[in-house]
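Here are a few notes to read alongside the model. Please keep the structure open while you go through them.

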Amino acid sequence: EELSRAVTASVAADLTDMMVSVVTDGTGGNAAIPGVTVAGKTGTAQDGDRLPHVWFMSFAPAEAPQVAVAVIVENGGRLGDQASGGAVAAPIARAVMEAVLQ
């Protein structure tokens, strides 16, 4: 049962377009899958003096989603203080999306 909609269809389409450009032209390029339009958003969260937490959330194919993935890597994963969502979390999300879509 649908209770309500968070945003209008027009706003959802605009947000999807922006998330696609994060993957095609921005920080989420490591989530790109050849032949599939991936929409995503990277992020980094500071946690005091600790190494940053990095994340990436995505869905694909953007025009008719079949899979949605959110990845968070605490304390920078293998890149430590040089970590970013695009470098660490996006490749993990890509692997999960590929596994589902294949």
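1. A word on confidence to begin with: pLDDT is the predictor's confidence in each residue, on a scale from 0 to 100. You are looking at a predicted model, and the chain has a mean pLDDT of 94, with 100% of its residues at 70 or more. Within the chain, helix α1 (residues 9-25) has the highest confidence, at 98, while strand β1 (residues 39-47) has the lowest, at a mean of 93.

2. Next, the interior. In soluble globular proteins, nonpolar side chains tend to be buried together. Here the largest nonpolar core has 17 residues, and the members that touch the most others are V38, F56, V69, V71, V73, A93 and M97. Two or more residues each come from β2, β3 (67-73) and α2 (85-101). Of these elements, α2 gives the largest share, with 5 residues.

3. V38 deserves a look of its own. Once residues up to four places away in sequence are set aside, V38 touches M19, V20, V23, A31, I33, S58, F59, A60 and M97. There is also another core, apart from the largest one, with 5 residues that include M19, V20, F59 and A62.

4. Now for a histidine. Is H53 buried or exposed? H53 belongs to strand β2 (residues 50-60), and because its relative accessibility is 14%, below the 20% cut-off, H53 counts as buried. Its side chain comes to 2.9 Å from the backbone nitrogen of N75. Beyond its neighbours within four places in sequence, H53 contacts G43, T44, A45 and D47, along with I72, V73, E74 and N75. V73 is also one of the residues named above for touching the most other members of the largest core.

5. On charges: side chains of opposite charge can pair when their charged atoms come close. The count for this model is 1 salt bridge. E2 and R5 form a salt bridge through their side chains, with 3.1 Å from N to O. Both of these residues are exposed.

6. Last, a loop residue. Where does Q82 sit? Q82 is in the loop between β3 and α2. Its relative accessible area is 59%, over the 50% cut-off, so Q82 is exposed.

Technical notes
Residues are numbered from 1 along each chain as its sequence is written. This is a predicted model: local features need pLDDT of at least 70, side-chain atom pairs count only at pLDDT 80 or more; totals for chains, interfaces and linings use all residues. Side-chain values use heavy atoms; hydrogens and water are left out. Helices (H or I, at least four residues) and strands (E, at least two) are DSSP runs, numbered from the N terminus. Buried means under 20% relative accessible area, exposed over 50%, partly exposed in between (1.4 Å probe, protein chains only). A polar contact is a pair of N or O atoms within 3.5 Å; within protein, one must be able to donate a hydrogen and the other to accept it, and residues adjacent in sequence count only if both atoms are side-chain atoms. Contact means heavy atoms within 4.5 Å. A nonpolar core is a set of buried Ala, Val, Leu, Ile, Met, Phe, Trp, Tyr and Cys residues joined through side-chain atoms within 4.5 Å. A salt bridge is a side-chain nitrogen of Lys or Arg within 4 Å of a carboxyl oxygen of Asp or Glu.
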